[in-house]
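Trainee: Before we turn to particular residues, could you show me how to read salt bridges in a model such as this one?

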Amino acid sequence: MAFGWRCTGVAWPGDGPELGWSRGRERRVSVLAYGSGLGFRAVGERHCVGARGNPCPVAAVVPARSTGGRCPECARLDRAHSVAADTLADDPRPYRVYLAWFGPGLVKVGITREERGGARLREQGAVAYTWLGRGPLMAARRTEEVVRAALGVPDRIPYARKRTVRGQLPGERERFAEVVELYGRAVGLQGRGWPESLEHLPLEVVDHARVFGLDRSARATRAVGELVDGGVVAGRLVAAAGPDLHLAVDDRDGVVVLDTRLITGWELAAATPPGKGEVGVPLIDIAGGGVQGGLF
């Protein structure tokens with residue numbers, strides 16, 4: 001089955017978001033810049049994005065509201081080789097444990113491969129974070145469990161909750177203070193379940209509010225719920241956090257969040273006319289619950 005360009009999602013290799021694209025075995029990247037226009041029109045049906053870099057063998061149609069963008073078989077294959085599935089116990093690479101802050105009282109603990117650095121935190125939309133320690137995978141996993149139980153923080157947070165608090169962030173000083181307090185409680189667990197093989201790392205709070213553009217953009221109040229055939233999403237990029245792009249659309253819709261996990265698997269064409277703010281797809285209330293690189 002022949003397809004046009006399809007989005008593979010947002011990546012954060014540095015201090016700015018990039019959109020990935022695929023067409024067969026071709027790959028391209030669009031570097032996004034705040035203040036620039038971004039727009040597209042969805043075409044046809046949404047198809048499975050495959051797993052582990054391989055296309056779905058049956059090009060299965062997937063639900064428009066699915067944030068995974070995969071059919072059940074490809075989803076199982078993708079997860080079977082992930083760190084979250086606990087199938088990589090003998091992985092020799094070093095891992096890091098982190099505390100990620102998304103808003104007042106909204107914190108999680110997690111692990112990531114050391115080689116990825118802060119990319120994992122930017123991909124999750126963490127407004128601030130600090131490392132706790134580094135070491136073998138199973139030691140990092142054990143520390144994650146100890147910190148989660150002792151501090152009463154989860155190891156995952158739904159994106160809907162992140163969006164709700166993102167528009168009501170306190171100042172940088174307040175963010176810093178909350179991360180520092182949690183860090184102190186976490187490292188105080190050394191000797192009380194914290195594995196000896198996990199090296200403690202010093203406090204170093206990294207704040208992403210400026211990187212994400214959240215310190216200078218208007219609050220987003222609505223989000224794209226799904227794409228539809230022929231539906232247009234177009235606006236000016238004013239902020240981004242994790243997979244979410246914040247688009248200034250018009251006086252009626254204001255700033256709208258586009259979760260780019262919803263656009264993977266769709267064939268996307270240029271919005272017409274280019275540069276005009278427009279949303280022709282279903283929107284949801286956040287409180288209640290041309291593309292760069294020459295492609296469009």
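Mentor: Bear in mind that this is a predicted model. A salt bridge is read from a side-chain nitrogen of Lys or Arg lying within 4 Å of a carboxyl oxygen of Asp or Glu, and Arg-70 meets that rule with Asp-78, their closest N and O atoms being 3.6 Å apart.

Trainee: Which salt bridge does Arg-141 form, and are the two residues buried or exposed?

Mentor: Arg-141 pairs with Glu-144, with a distance of 2.6 Å from N to O, and both residues are buried. Arg-141 and Glu-144 are about one helical turn apart, because they are separated by 3 residues within helix H3, which spans residues 137-151.

Trainee: Where in the chain do the partners Arg-163 and Asp-259 lie?

Mentor: Their side chains meet in a salt bridge at 2.8 Å, N to O. This pair links distant parts of the chain, since Arg-163 belongs to helix H4 (residues 159-166) and Asp-259 to strand E13 (residues 254-259), 96 residues apart. Arg-163 and Asp-259 are buried.

Trainee: Which residues are linked with Arg-163 and Asp-259 in a network of salt bridges?

Mentor: The network also takes in Arg-166, Asp-244 and Arg-261, joined with Arg-163 and Asp-259 through salt bridges.

Trainee: And how many salt bridges does the rule give?

Mentor: Applied to this model, the rule gives a count of 21 salt bridges.

Notes
Residues numbered from 1 in each chain as written. Predicted model: local features only at pLDDT ≥ 70, side-chain atom pairs only at ≥ 80, totals over all residues. Heavy atoms only, no water. Helix = DSSP H or I, 4+ residues; strand = E, 2+ residues; numbered from the N terminus. Buried < 20%, exposed > 50% of the residue type's maximum accessible area, 1.4 Å probe, protein only.
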